[in-house]
Amino acid sequence: MKLLLRKKPLLLLLLLLNLSSPTYAKNKKVQIGKGSWYGKKFHGKLTASGERYNMYDFTAAHKTFPFNSMVKVTNLKNGRSVIVRVNDRGPYHGGRIIDLSYLAAKQLGYVNKGVAKLKIKLLYKQKKKSKKRK
């Protein structure tokens with residue numbers, strides 16, 4: 001019994017840490033966590049994929065999904081959804097799982113807040129191009 005009482009603070013700490021970090025499904029195709037957006041400051045600049053960022057396109061930055069992957073993003077507060085294409089890397093701000101273009105964030109209704117709790121679902125994953133051998 002004494003051993004169980006000593007472990008309670010540790011269990012509570014682990015539970016709190018788990019709830020404060022982004023939640024990932026086992027297959028990594030569905031993620032829940034904070035999402036942000038980026039706009040004017042980056043408009044027209046090159047993305048990690050080599051294309052120019054357009055804040056009026058439905059695009060996103062994700063740390064691991066391949067470029068040109070299609071992702072359904074849902075705002076968990078209001079239920080609105082959009083489909084975006086991954087063309088950049090990021091976000092590089094702690095605890096965030098995706099950065100959306102201005103237009104995508106506007107459609108989801110969180111431009112004024114800057115950050116929202118989102119669910120992202122990988123719909124289509126771009127296959128890597130294979131190099132032909134001679």
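1. Accessible areas come from the Shrake-Rupley method with a 1.4 Å probe, and for residues only the protein chains shown count as cover. Leucine 123 belongs to strand 7, residues 115–124, and is partly exposed with a relative accessible area of 45%. Here buried means under 20% relative accessible area, exposed means over 50%, and partly exposed is in between (1.4 Å probe, protein chains only).

2. A word on what you are looking at. This is a predicted model, in which local features need pLDDT of at least 70 and side-chain atom pairs count only at pLDDT 80 or more, while totals for chains, interfaces and linings use all residues. Residues are numbered from 1 along each chain as its sequence is written, and side-chain values use heavy atoms, with hydrogens and water left out.

3. Now the overall layout. The protein has 2 helices and 7 strands, and from the N terminus on the order of elements is α-β-β-β-β-β-β-α-β. These are DSSP runs numbered from the N terminus: helices are H or I with at least four residues, and strands are E with at least two. Of the 134 residues, 31% count as buried. The protein exposes about 9700 Å², and carbon and sulfur atoms supply 57% of that area. Among contacts between residues at least 6 apart in sequence, 69% join residues at least 24 apart; contact means heavy atoms within 4.5 Å.

4. Two strands are said to pair if DSSP finds at least two bridges between them. On the strand 6 side, serine 101 is the bridge partner of tyrosine 38, and leucine 100 is the bridge partner of tryptophan 37. Strand 3 also pairs with strand 6, in the antiparallel sense and over 2 bridges; there, alanine 61 has aspartate 99 as its bridge partner.

5. Strand 2 has a further pairing to look at. With strand 7 it pairs in the antiparallel sense over 7 bridges. Within strand 7, alanine 116 stands opposite glycine 35.

6. Next, the charged pair. A search of the whole structure finds 1 salt bridge, where the term means a side-chain nitrogen of Lys or Arg within 4 Å of a carboxyl oxygen of Asp or Glu. Side chains of opposite charge can pair when their charged atoms come close. Glutamate 51 and arginine 85 meet through their side chains in a salt bridge, at 3.0 Å from N to O. Glutamate 51 sits in the loop between strand 2 and strand 3 and arginine 85 in strand 5, so this pair ties together parts that are 34 residues apart in sequence. Glutamate 51 is partly exposed at a relative accessible area of 28%, and arginine 85 is partly exposed at 22%.

7. Glutamate 51 has another partner worth a look. Its side chain is joined to that of asparagine 87 by a polar contact of 3.1 Å. A polar contact is a pair of N or O atoms within 3.5 Å; within protein, one must be able to donate a hydrogen and the other to accept it, and residues adjacent in sequence count only if both atoms are side-chain atoms. Asparagine 87 is found in strand 5, residues 81–88, and is buried, with a relative accessible area of 1%. Leaving aside neighbours within four places in sequence, asparagine 87 is in contact with residues including Thr47, Thr59 and Phe67.

8. Finally, two loop residues. Aspartate 57 lies between strand 2 (30–38) and strand 3 (59–61), and is partly exposed at 32% relative accessibility. Its C-alpha atom is separated by 6.7 Å from that of serine 101, 44 residues apart along the chain. Apart from neighbours within four places in sequence, aspartate 57 is in contact with Ser101 and Leu103. Lysine 40 is also in the loop between strand 2 and strand 3, and is exposed, with a relative accessible area of 72%. The C-alpha atoms of lysine 40 and tyrosine 53, 13 residues apart along the chain, are separated by 9.7 Å.
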